[in-house]
Each structure stands twice: as structure tokens, then as C-alpha cells.
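Q: I am new to this structure and would like to learn how to read it, one feature at a time. Could we go through it together?

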Amino acid sequence: MATDLQPAKFRSAESKISQRERDQAIMDEDVLLSVRNLSTHFFSREGIMRAVDGVSFDIKRGEILGIAGESGCGKSVTAQSILRITPNAGRIVDGEILLHHDDKIVDLAKLDRKGRAIRDIRGAAISMVFQEPMTSFSMAYTIGNQIIEVIRLHQNVDQKEARSRAIAILGRVGMPKPEQNIDAYPFALSGGMRQRAMIAMALSCHPSLLIADEPTTAVDVTIQAQILELMKSLQQEMNMALIVITHDMAVISELCDRVMIMYLGKDVENAPAGELFRNPKHPYTVGLLHSVPQLGGGKSQEIVGISGTVPSAYVRPAGCSFHPRCPAFMPGVCDMTEPPHITVGPNHSVRCHLYV
Ligand SMILES: Nc1ncnc2c1ncn2[C@@H]1O[C@H](COP(=O)(O)OP(=O)(O)O)[C@@H](O)[C@H]1O
Ligand SMILES: [Mg+2]
């Protein structure tokens, strides 16, 4: 697998260069996941939906990356692409998803989505929590059975040891009486407790990356704050990288080291969180920040700083797809060519003609 990732100069059979050195030439050691020019499209009779369209970002070990943007901009499909769980009509048509795994670099985009290699990674090296815990749990089995199954799938331990690990992790996520509640069925738990159980299942194999897709959108404000707090402390304790997907900039400012803003399948801005809030560059980001969502505001909040609505992804505007809504629109430029990634500061890039 590594061969097609190796720069040509390392491909010689006589090369004495170690696998590790080759990998370093491709990807810095402290980068855990490098997504490069990822495009995931859905093919249907209505046409081609460019859900994710040339997205690039890195996440370092132990880093918290926020992915933000209005509903439908491709946040969930980006996450699903990493784990190779996009629905059948969705295909990765371009790009690489490079993961440092077991001292090697694996391109997740090239794996067979039903094969052994990705199944070994899913739920172990990378796991995911969803907005709705019932996405993770089956109704038919106790939470304990399901967590134990995940542990036994990825770790070489017997039933008794797996059960005691499951109880320990349930206790760690704040499940009351974990020795008893491990035998509860998902429907018997409150929404907040189900969410804790889902986090416990996701963390049961100590992933190096956890992806949380709108983890607090469905719960009320108090529980939202508790869950965010819990995720942050677990992230620090386990030194795991975390991708938090949200439409809520308040969640980003609470939690994230770095932020990527998406619009219509594109990564329009990427910066350290503090820098993005102090010095937003893309007019879309500026609008998002002006909308000042309240923590717990829910999905219905409008982006008040930006006029118009997101166009359908089937009929994408030419040039920069934000131009029909952009207050800084430059006719003849923004509607003609797509802006490239432009570096505007340390670790700060933006896709906007204003900065070319
Ligand atoms: N299974 C699917 N089939 C067709 N289009 C889809 C599917 N899932 C998502 N999409 C489309 O891909 C785009 C991005 O969706 P998504 O990643 O879910 O957005 P977000 O998570 O940012 O709200 C949307 O336009 C959505 O309608
Ligand atoms: Mg989503």
C-alpha cells in the first residue's frame, strides 16, 4: 500500500531507506491525519451532488479541529469519507486520506470500504459519535453487550476482561452505577445517558482520533455543556485528536485549537481558532461570526450576517460558489474563476480572490 505513496526517488528496490523515513518524506510525524484534495460525490438521476469538493486539512496528534459551516455544506460527508461509511451512492472521486497507523501511512481513500483493513481501523484507531445515539446502538441489545462486542472485536481479551473494561469506561464518562447500567437497553436510558454510553463505546478502544458529528445538537443546553466538558477532558486525558463537527461557532470557541470553515463542499478558510475569531478573512467566515449563535441555539438558527440562502449543490455557482451572497463580490473575477488556497498568515489559509 505504501508503494504508490512513495516519492519516485524512494522507489528503488536497492533503497536502504527505512519505511519510517519514506513516510516522513510524505507526512510530518506529528500529523495524524492528512486529508488532501478530497472530493466525495453522490451520483443519482438528479445529477452529481458535489458534497465534498477538493477539501484539504491536517490534524495533528492530540489536536482538536472544528469543522463548521451551514447545514448541507459537506461536514458529515467529510467525516463519513474518512471512515468510509458514506451511503452507497457516495463515492470518493479524488484525493487522499492519509493516516499514520501502526508506524505506517495508510491511504484510507484507497481501501476497500468493506475490507478488513478499514474494519480494523473503524472503531479502533478512528471512531465516531453521532448527533443521535441510536445511530450507534441497536435497540435489541444492552449497551454493555454492544460495548463489549466492540472491545472484543479490536482487543485480544476475554469476555470477563472486556466487561470490566466496559464498566470502567462507562464510569469514566459519568454513567451512574455503571455495574448495573451496563445491562440496560438503550431505550431505557435518558438522552444524555445514551449519549454518554455512545461516547464510552467510541472510546472503548482508545482511538487516536475521535470524530464527533454535531454531538450536542439534539440535547438541551445543560447536557450540551456537560457533554462538551466531558469530551474535552477525555481528549486531554487520552491525548487523542478530536474532530468536532458543528454549525455552532460557540462550540468551536469553547473547544477547538483549529477551525476549518466549509461552504458548499469547499474548505473556504482554515486557521487556528483564536486567529479565526480575531482575524477572519473570508467574507463567509465574517458573516458566520456576525451571526453570533448562542450555545444551545439549535439547528434552526439563521446566519443573520449573510444575505440569501445556500444554493443547491446540484447547481453550483461558477467561480467562487459564495459569490452570489458575498458583500465583497468582484464582478468578472469571483464569478469567473475559483479561488485557490491562499496563505494569509501562519497556518492560516483562505480561498478568496480578495487575498490573491
Ligand atoms: N446519501 C446522500 N445522497 C445524496 N446526497 C447526499 C447524501 N448525503 C448527503 N448528501 C448531500 O451532500 C451535501 C452535504 O451533506 P452533509 O455532509 O450531510 O452536510 P452537513 O453535515 O454539512 O449538514 C448536502 O447537499 C446533502 O444533501
Ligand atoms: Mg451533518
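A: Let us begin with the elements: helices (H or I, at least four residues) and strands (E, at least two) are DSSP runs, numbered from the N terminus. The chain holds eleven helices and twelve strands. Residues are numbered from 1 along each chain as its sequence is written, and chains are lettered from A and ligands numbered from 1 in the order in which they are written. This is a predicted model, in which local features need pLDDT of at least 70 and side-chain atom pairs count only at pLDDT 80 or more, while totals for chains, interfaces and linings use all residues.

Q: What is the mean pLDDT of the chain, and where does pLDDT stay under 50?
A: pLDDT is the predictor's confidence in each residue, from 0 to 100. The chain has a mean pLDDT of 88, and 89% of its residues reach 70 or more. Residues 1-14 stay under 50, and for them the model has 16 contacts beyond four places in sequence, a contact being two residues whose C-beta atoms, placed from the backbone, lie within 7 Å. Residues 294-302 also have a pLDDT below 50, with 14 contacts in the model beyond near neighbours in sequence. Where pLDDT is low, the predicted coordinates should not be read in detail.

Q: How many of the contacts, as a percentage, join residues at least 24 apart in sequence?
A: Among contacts between residues at least 6 apart in sequence, 62% join residues at least 24 apart.

Q: What percentage of the residues is buried?
A: A residue is buried if 20 or more other C-beta atoms lie within 10 Å of its own, exposed if 12 or fewer, and partly exposed in between, with C-beta atoms placed from the backbone. Of the 356 residues in the chain, 45% are buried.

Q: Which residues touch the most other members of the largest nonpolar core?
A: A nonpolar core is a set of buried Ala, Val, Leu, Ile, Met, Phe, Trp, Tyr and Cys residues joined through C-beta atoms within 7 Å. The largest one has 91 residues, of which Ala200, Leu209 and Ile243 touch the most other members. Helix 7 (residues 191-203) contributes the largest share of this core, eight residues. Apart from neighbours within four places in sequence, Ala200 is in contact with Ile147, Ile169, Leu170, Val173 and Met175.

Q: Which residues of helix 11 are buried, and what do they pack against?
A: In helix 11 (residues 283-290), the buried residues are Pro283, Tyr284, Thr285, Gly287 and Leu288. Their packing partners are strand 3 (64-68), helix 9 (249-255), strand 9 (258-263), strand 10 (266-272) and helix 10 (273-278). Tyr284 counts as buried because it has 31 C-beta neighbours inside 10 Å. Not counting residues up to four places away in sequence, Tyr284 touches Ile261, Tyr263, Val268, Ile306 and Phe322. The C-alpha atoms of Tyr284 and Cys326 are separated by 7.2 Å, although these residues are 42 apart along the chain.

Q: Why does Val259 count as buried?
A: Val259, whose place is in strand 9, counts as buried because it has 27 C-beta neighbours inside 10 Å. Val259 and Leu65 are 194 residues apart in sequence and 5.5 Å apart in space, C-alpha to C-alpha. Leaving aside neighbours within four places in sequence, the contacts of Val259 are Gly66, Ala68, Ile252, Ala271, Ala273 and Leu276.

Q: How many bridges join strand 4 to strand 5?
A: Two strands pair if DSSP finds at least two bridges between them. Strand 4 (residues 90-101) and strand 5 (residues 104-107) run antiparallel and are joined by four bridges. The bridge partner of His101 is Lys104 in strand 5. This hairpin has two residues between its strands, and Asp102 takes a positive phi near 50° there.

Q: Are Asn239 and Leu264 buried or exposed?
A: Asn239, in the loop between helix 8 (221-238) and strand 8 (241-246), is exposed because it has 10 other C-beta atoms within 10 Å. Leu264, in the loop between strand 9 and strand 10, is buried because it has 23 other C-beta atoms within 10 Å. Asn239 has a positive phi of about 45° although it is not a glycine, and Leu264 likewise has a positive phi of about 45° without being a glycine.
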